[in-house]
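Here is a short report for someone meeting this structure for the first time. Please look over the sequence and the model before reading on.

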Amino acid sequence: MHFLFQAALLRSEEAPELAITTFKKLFPASSKQSEALYNCLLLQYKTKQLKEFISTYETHHHILNKEQEIAANYLLGKSLFHLEEFEKAIDPLLETMGSSSSPSSKRTAQLMLLECAYKIQNIDLYQKIFRNGSAPLVNDENYTTAHLVYIKLLKEREHYGEFIEEAQAFMAQNPEHPEQEQVLWDTAYFLYQSK
(Lines give C-alpha, C1' and ligand atoms only; values in the text may rest on other atoms or scores of the structure.)
Protein backbone atom coordinates (compact mmCIF):
# COMPACT_ATOMS: atom_id res chain seq x y z
CA MET A 1 0.00 0.00 0.00
CA HIS A 2 2.84 2.38 0.86
CA PHE A 3 4.43 1.90 -2.59
CA LEU A 4 1.06 2.41 -4.29
CA PHE A 5 0.63 5.69 -2.42
CA GLN A 6 4.14 6.83 -3.44
CA ALA A 7 3.44 5.86 -7.05
CA ALA A 8 0.24 7.91 -7.03
CA LEU A 9 2.10 10.92 -5.64
CA LEU A 10 4.72 10.62 -8.37
CA ARG A 11 2.02 10.40 -11.06
CA SER A 12 0.17 13.48 -9.75
CA GLU A 13 1.91 15.96 -12.05
CA GLU A 14 2.39 13.89 -15.20
CA ALA A 15 -0.69 11.64 -15.12
CA PRO A 16 -3.30 13.13 -12.77
CA GLU A 17 -6.09 10.83 -14.00
CA LEU A 18 -4.03 7.76 -13.20
CA ALA A 19 -3.05 9.23 -9.83
CA ILE A 20 -6.72 9.90 -8.99
CA THR A 21 -7.60 6.28 -9.85
CA THR A 22 -4.76 5.03 -7.65
CA PHE A 23 -5.69 7.27 -4.72
CA LYS A 24 -9.29 6.04 -4.98
CA LYS A 25 -8.08 2.47 -4.46
CA LEU A 26 -6.29 3.53 -1.28
CA PHE A 27 -8.73 5.62 0.70
CA PRO A 28 -11.43 3.02 1.39
CA ALA A 29 -9.06 0.88 3.50
CA SER A 30 -5.44 1.76 4.04
CA SER A 31 -3.19 3.33 6.64
CA LYS A 32 -2.88 6.35 4.32
CA GLN A 33 -6.61 6.72 3.67
CA SER A 34 -6.94 10.37 4.74
CA GLU A 35 -3.84 11.40 2.76
CA ALA A 36 -5.02 9.42 -0.28
CA LEU A 37 -8.48 11.00 -0.16
CA TYR A 38 -7.08 14.49 0.36
CA ASN A 39 -4.67 14.14 -2.58
CA CYS A 40 -7.46 12.71 -4.74
CA LEU A 41 -9.68 15.71 -3.90
CA LEU A 42 -6.87 18.18 -4.64
CA LEU A 43 -6.26 16.58 -8.04
CA GLN A 44 -9.96 16.50 -8.89
CA TYR A 45 -10.23 20.20 -8.05
CA LYS A 46 -6.99 21.08 -9.86
CA THR A 47 -8.12 19.25 -13.03
CA LYS A 48 -11.55 20.96 -12.81
CA GLN A 49 -13.47 17.74 -12.20
CA LEU A 50 -15.77 19.70 -9.94
CA LYS A 51 -18.78 17.37 -9.97
CA GLU A 52 -16.53 14.38 -9.25
CA PHE A 53 -14.84 16.38 -6.48
CA ILE A 54 -18.22 17.12 -4.85
CA SER A 55 -19.32 13.49 -5.10
CA THR A 56 -16.05 12.17 -3.66
CA TYR A 57 -16.07 14.76 -0.87
CA GLU A 58 -19.69 14.13 0.12
CA THR A 59 -19.17 10.35 0.24
CA HIS A 60 -15.84 10.21 2.07
CA HIS A 61 -15.12 13.52 3.88
CA HIS A 62 -15.46 11.83 7.29
CA ILE A 63 -12.08 10.16 6.60
CA LEU A 64 -10.23 13.50 6.52
CA ASN A 65 -8.45 14.89 9.55
CA LYS A 66 -9.51 18.31 10.86
CA GLU A 67 -6.95 20.35 8.90
CA GLN A 68 -7.68 18.49 5.66
CA GLU A 69 -11.43 18.89 6.24
CA ILE A 70 -11.09 22.68 6.55
CA ALA A 71 -9.11 22.90 3.30
CA ALA A 72 -11.40 20.48 1.42
CA ASN A 73 -14.52 22.26 2.68
CA TYR A 74 -13.16 25.51 1.22
CA LEU A 75 -12.65 23.78 -2.14
CA LEU A 76 -16.18 22.38 -1.87
CA GLY A 77 -17.56 25.92 -1.52
CA LYS A 78 -15.47 27.12 -4.46
CA SER A 79 -16.56 24.14 -6.59
CA LEU A 80 -20.24 24.78 -5.90
CA PHE A 81 -19.73 28.47 -6.62
CA HIS A 82 -18.05 27.76 -9.98
CA LEU A 83 -20.90 25.42 -10.87
CA GLU A 84 -23.25 28.35 -10.05
CA GLU A 85 -24.92 26.43 -7.23
CA PHE A 86 -24.87 29.60 -5.15
CA GLU A 87 -27.35 28.49 -2.48
CA LYS A 88 -25.35 25.31 -1.78
CA ALA A 89 -22.01 27.18 -1.78
CA ILE A 90 -23.04 29.43 1.12
CA ASP A 91 -22.57 27.01 4.05
CA PRO A 92 -19.09 25.75 3.13
CA LEU A 93 -17.92 29.30 2.37
CA LEU A 94 -19.32 30.56 5.69
CA GLU A 95 -17.53 27.68 7.44
CA THR A 96 -14.31 28.74 5.73
CA MET A 97 -14.80 32.24 7.12
CA GLY A 98 -15.05 30.81 10.62
CA SER A 99 -12.47 28.04 10.57
CA SER A 100 -9.71 28.83 8.07
CA SER A 101 -6.47 30.31 9.34
CA SER A 102 -5.56 31.60 5.87
CA PRO A 103 -6.37 35.30 5.31
CA SER A 104 -6.31 34.67 1.55
CA SER A 105 -8.91 31.86 1.80
CA LYS A 106 -11.10 34.00 4.06
CA ARG A 107 -10.96 36.92 1.63
CA THR A 108 -11.78 34.72 -1.36
CA ALA A 109 -14.65 33.09 0.56
CA GLN A 110 -15.93 36.54 1.52
CA LEU A 111 -15.90 37.77 -2.08
CA MET A 112 -17.66 34.60 -3.27
CA LEU A 113 -20.28 34.99 -0.55
CA LEU A 114 -20.91 38.57 -1.65
CA GLU A 115 -21.42 37.31 -5.20
CA CYS A 116 -23.76 34.56 -3.93
CA ALA A 117 -25.76 37.16 -1.99
CA TYR A 118 -26.02 39.28 -5.14
CA LYS A 119 -27.00 36.37 -7.41
CA ILE A 120 -29.77 35.12 -5.12
CA GLN A 121 -30.69 38.56 -3.68
CA ASN A 122 -30.22 37.30 -0.12
CA ILE A 123 -30.43 40.14 2.43
CA ASP A 124 -29.68 37.82 5.36
CA LEU A 125 -26.44 36.67 3.74
CA TYR A 126 -25.36 40.27 3.09
CA GLN A 127 -26.04 41.00 6.75
CA LYS A 128 -23.93 38.02 7.89
CA ILE A 129 -21.04 39.19 5.74
CA PHE A 130 -21.17 42.87 6.64
CA ARG A 131 -21.73 42.21 10.36
CA ASN A 132 -19.16 39.44 10.85
CA GLY A 133 -16.85 40.74 13.59
CA SER A 134 -14.42 37.82 13.29
CA ALA A 135 -13.71 38.55 9.61
CA PRO A 136 -13.93 42.29 9.03
CA LEU A 137 -14.37 43.54 5.50
CA VAL A 138 -11.47 45.28 3.82
CA ASN A 139 -12.67 48.62 2.53
CA ASP A 140 -11.76 48.28 -1.14
CA GLU A 141 -13.67 48.67 -4.41
CA ASN A 142 -15.16 45.14 -4.30
CA TYR A 143 -16.67 45.66 -0.86
CA THR A 144 -17.76 49.21 -1.59
CA THR A 145 -19.67 48.01 -4.68
CA ALA A 146 -21.19 45.08 -2.74
CA HIS A 147 -22.18 47.40 0.11
CA LEU A 148 -23.93 49.69 -2.35
CA VAL A 149 -25.80 46.71 -3.88
CA TYR A 150 -26.83 45.63 -0.36
CA ILE A 151 -28.11 49.15 0.41
CA LYS A 152 -30.10 49.24 -2.84
CA LEU A 153 -31.62 45.85 -2.04
CA LEU A 154 -32.66 47.11 1.41
CA LYS A 155 -34.16 50.16 -0.27
CA GLU A 156 -36.14 48.06 -2.78
CA ARG A 157 -37.50 45.86 0.01
CA GLU A 158 -38.28 48.92 2.18
CA HIS A 159 -36.28 47.76 5.20
CA TYR A 160 -36.12 51.27 6.65
CA GLY A 161 -34.14 50.65 9.84
CA GLU A 162 -31.51 48.44 8.24
CA PHE A 163 -31.25 50.76 5.24
CA ILE A 164 -30.57 53.79 7.44
CA GLU A 165 -27.93 51.93 9.47
CA GLU A 166 -26.13 50.59 6.38
CA ALA A 167 -26.41 53.88 4.48
CA GLN A 168 -24.82 55.78 7.37
CA ALA A 169 -21.99 53.23 7.55
CA PHE A 170 -21.52 53.46 3.76
CA MET A 171 -21.38 57.29 3.81
CA ALA A 172 -18.89 57.29 6.69
CA GLN A 173 -16.62 54.80 4.92
CA ASN A 174 -16.94 56.32 1.41
CA PRO A 175 -17.19 60.11 1.74
CA GLU A 176 -16.04 60.73 -1.85
CA HIS A 177 -18.12 58.03 -3.56
CA PRO A 178 -20.14 59.23 -6.63
CA GLU A 179 -23.32 57.63 -5.19
CA GLN A 180 -22.95 59.50 -1.88
CA GLU A 181 -25.54 62.15 -2.77
CA GLN A 182 -28.18 59.57 -3.79
CA VAL A 183 -27.58 57.51 -0.63
CA LEU A 184 -27.88 60.68 1.47
CA TRP A 185 -31.14 61.65 -0.22
CA ASP A 186 -32.58 58.13 0.23
CA THR A 187 -31.54 58.16 3.89
CA ALA A 188 -33.31 61.46 4.47
CA TYR A 189 -36.41 60.13 2.71
CA PHE A 190 -36.42 56.90 4.74
CA LEU A 191 -35.88 58.83 7.98
CA TYR A 192 -38.92 60.91 7.06
CA GLN A 193 -40.92 57.77 6.21
CA SER A 194 -39.97 55.98 9.43
CA LYS A 195 -41.18 58.92 11.52
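Predicted model: local features only at pLDDT ≥ 70, side-chain atom pairs only at ≥ 80, totals over all residues.

Residues are numbered from 1 along each chain as its sequence is written, and side-chain values use heavy atoms, with hydrogens and water left out.

**Two helix pairs**

Helices (H or I, at least four residues) are DSSP runs, numbered from the N terminus. Axes are lines fitted to C-alpha atoms over the stretch in contact, and angles run from 0 to 180 degrees between N-to-C directions.

| Pair | Angle | Axes |
|---|---|---|
| H3 (residues 33-46) and H5 (residues 66-82) | about 25° | 11 Å apart |
| H7 (residues 103-120) and H8 (residues 123-130) | roughly 155° | within 8 Å |

Angles under 35 degrees count as roughly parallel, and angles over 145 as roughly antiparallel. H3 and H5 are therefore roughly parallel. H7 is roughly antiparallel to H8.

H3 passes H5 in a left-handed crossing. That term applies if the near helix is turned anticlockwise from the far one by less than a right angle. The crossing of H7 and H8 is left-handed.

Which residues join these helices? Contact means heavy atoms within 4.5 Å. H3 brings Ser 34, Glu 35, Tyr 38, Leu 41, Leu 42 and Tyr 45, while H5 brings Gln 68, Ala 71, Ala 72, Leu 75, Lys 78, Ser 79 and His 82. Sorted by class, the contact of H3 with H5 has 7 nonpolar, 4 polar and 2 charged residues. Here Ala, Val, Leu, Ile, Met, Phe, Trp, Tyr, Cys and Pro count as nonpolar, Asp, Glu, Lys and Arg as charged, and the others, Gly among them, as polar.

On the H7 side, Gln 110, Leu 113, Leu 114, Cys 116, Ala 117 and Tyr 118 meet Leu 125, Tyr 126, Ile 129 and Phe 130 of H8. The contact of H7 with H8 has 9 nonpolar, 1 polar and no charged residues.

**Buried positions**

Buried means under 20% relative accessible area, exposed over 50%, and partly exposed in between (1.4 Å probe, protein chains only). Gln 68 belongs to H5. With a relative accessible area of 10%, Gln 68 is buried. Its partners are Ser 34, Glu 35 and Tyr 38, leaving aside residues up to four places away in sequence.

Helix H4 (residues 50-60) buries Leu 50, Phe 53, Ile 54, Thr 56 and Tyr 57. These buried residues pack against helix H2 (16-26), H3 and H5.

Helix H10 covers residues 160-173. Its buried residues are Phe 163, Ile 164, Glu 166, Ala 167, Phe 170 and Met 171. An α-helix has 3.6 residues a turn, so residues three or four places apart point the same way.

**Exposed positions**

Gly 161 lies in H10. Gly 161 is exposed, at a relative accessible area of 51%. From Gly 161 to Glu 52 is 109 residues in sequence and 45 Å in space, C-alpha to C-alpha.

Glu 84 sits in the loop between H5 and helix H6 (86-99). Its phi is positive, about 60°, although Glu 84 is not a glycine. Is Glu 84 buried or exposed? It counts as exposed, at 60% relative accessibility.

Glu 158 lies in the loop between helix H9 (141-156) and H10. Its phi is near 55°, a positive value in a residue other than glycine. Glu 158 counts as exposed, at 53% relative accessibility.

Notes:
Parallel < 35°, antiparallel > 145°, perpendicular 65-115°, else oblique. Expected span 1.5 Å × (residues − 1).
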